[in-house]
Amino acid sequence: MSVAGEATPERAPRVGVLALQGGFEAHRRMLERLGADVRDVRVPEHLAGLGGLVVPGGESTTMMLGIEREGLAGPLRAFAAERPVFGTCAGLIVLDREHVGIMDVRAERNAFGRQTHSFEEDLDLDLGVGRDGGPVRAVFIRAPWIAEHGPGVEILASVAGHGVAAREGHALVVSFHPELSGETRLHERFLRDVRAAGGD
Amino acid sequence: MRDEATFRVKAGLAEMLKGGVIMDVVDAEQAKVAEDAGACAVMALERVPADIRRDGGVARMSDPAMIRKIQQAVTIPVMAKARIGHFAEARVLEALEVDYIDESEVLTPADEANHIDKAPFKVPFVCGATNLGEALRRIGEGAAMIRSKGEAGTGDIVEAVRHLRTITAEVRRIGTLDEAALATAAKELGAPLDLVRETAGAGRLPVVMFCAGGIATPADAALVMHLGAEGVFVGSGIFKSEDPAQRAAAVVEATTHYQDWDRVLKASEGLGAAMRSLEARKLDESQVLSSRGW
């Protein structure tokens with residue numbers, strides 16, 4: 001894919017991927033392909049100097065236990081108040097109001113059912129990344145949906161009437177896995193937000 | 001348009017299990033202990049491998065009623081084992097909507113010539129492997145995740161280390177070969193040429209690889225993560241130890257922080273006795289599980 005020329009910035013933005021458990025390596029590979037300097041985040045000190053953070057998919061129960069063990073909830077909230085955060089799948093659950101509380105949404109876990117009901121489909125999603133390029137191929141794996149949200153939250157896409165992509169301020173969440181389908185536009189959007197927020 | 005059960009969806013769940021610990025459990029209570037300790041999935045089975053060894057007899061798929069109770073007790077993925085080649089057990093587990101099927105040498109094989117044709121299933125499969133050829137044959141049949149076999153139920157890490165080192169060394173070796181030599185490698189490995197090519201090009205297996213068979217301590221978990229495992233299965237090692245809840249949390253912590261030796265140290269302290277172990281080298285040949293399957 002010819003994304004490198006378009007996305008490579010003057011100076012590589014430094015971003016983190018929460019790496020307690022889950023699909024953090026696929027995010028790392030995609031962000032590096034887009035020219036970012038990527039760091040794993042496992043303890044609060046790893047957040048220092050980062051311009052943005054991806055919270056990957058994985059098992060939200062496992063990730064929340066890790067966040068508790070490492071004392072990461074407060075530092076994550078403080079970080080998200082200043083910097084862009086991008087959550088996918090379990091990352092959406094971790095960021096919701098009943099968990100770390102960075103976004104005013106309530107995620108319904110495993111909303112589409114168990115693994116045999118996991119699926120992929122095309123989604124229309126206004127990404128505002130300056131080139132449309134058609135629908136997003138969205139891979140849903142034991143995925144959550146957004147059951148409720150506050151007035152400050154913009155729902156960007158829905159499946160069967162349930163929100164599966166949303167933004168609030170510079171926090172972006174999706175209940176699918178762009179990092180698994182080679183879909184770069186959401187990560188590009190995240191990196192653009194990181195640069196706009198002055199983070200590197 | 002919606003596509004269910006694509007290979008990407010099946011292999012994708014394994015991506016989401018990475019960096020995690022999958023624990024064998026025999027009832028809902030153990031499943032809860034595992035989930036609360038940070039397991040990223042549980043393997044539901046009637047007897048852990050150490051007990052299968054002790055009891056002898058034919059080891060089969062577990063009672064679906066028992067698996068169902070575990071599904072109701074936890075929200076993390078629930079895996080279950082089918083016998084090698086026993087596609088009917090696998091179809092039953094699929095109907096039960098388990099999240100992953102382990103076509104496992106820990107159970108008594110049902111077919112000594114053939115593994116299950118896994119591609120037509122909606123549910124994804126994980127299979128054991130002792131070397132690269134075996135791993136790629138299983139992927140060729142449709143497996144969406146690989147685990148190195150090790151020697152289950154022993155608490156001895158030596159076979160797991162051998163299998164992991166063999167697989168990673170073979171992956172490195174084929175990465176140095178040109179196209180003509182890759183065809184020869186495919187013949188020697190007994191593996192599909194397209195998968196050999198893909199593996200050589202990527203420098204890694206086409207699916208996620210965990211380690212299984214013999215992990216008993218946090219340091220064992222850290223060892224295999226350094227050797228290229230992307231996560232670990234712990235069978236008898238948790239619930240056959242003196243303090244399962246504490247050991248389970250410690251193995252999870254060591255798996256996450258395997259690169260930080262101070263954290264592995266902290267996780268290793270004061271865990272009580274590990275499981276009763278068996279030296280894998282001293283097993284009678286008929287007791288060796290890792291030689292089941294091809």
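Author: The model is predicted, with local features needing pLDDT of at least 70, side-chain atom pairs counting only at pLDDT 80 or more, and totals for chains, interfaces and linings using all residues. Residues are numbered from 1 along each chain as its sequence is written, chains are lettered from A and ligands numbered from 1 in the order in which they are written, and side-chain values use heavy atoms, with hydrogens and water left out.

Reader: Why is strand β6 of chain B called largely enclosed by the rest of the structure?

Author: A strand is a DSSP run of E with at least two residues, a helix one of H or I with at least four, both numbered from the N terminus. Buried means under 20% relative accessible area, exposed over 50%, and partly exposed in between (1.4 Å probe, protein chains only). Five of the five residues of β6(B), residues 125–129, are buried, so the strand is largely enclosed. F125(B), C127(B) and A129(B) point one way, V126(B) and G128(B) the other. In a regular strand the side chains alternate between the two faces of the sheet.

Reader: How do you know which strands pair with β6(B)?

Author: Two strands pair if DSSP finds at least two bridges between them. Three bridges join β5(B), residues 100–104, to β6(B), in parallel; in one of them, E103(B) has C127(B) as its partner. Four bridges, also parallel, link β6(B) to β7(B), residues 145–148, and A129(B) is partnered by S148(B).

Reader: What makes β7(A) and β1(B) edge strands?

Author: The open sheet has the order β7(A)-β6(A)-β1(B), with antiparallel pairing. β7(A), residues 136–140, and β1(B), residues 2–4, each pair on one side only. Three bridges join β6(A), residues 119–123, to β1(B), and F119(A) stands opposite E4(B).

Reader: Which residues touch the most other members of the largest nonpolar core?

Author: A nonpolar core is a set of buried Ala, Val, Leu, Ile, Met, Phe, Trp, Tyr and Cys residues joined through side-chain atoms within 4.5 Å. The largest has 72 residues, and I67(B), L93(B) and V232(B) touch the most other members. Helix α7(B), residues 158–174, gives the largest share, six residues. Another core, of 33 residues, lies apart, with M30(A) and F112(A) among them.
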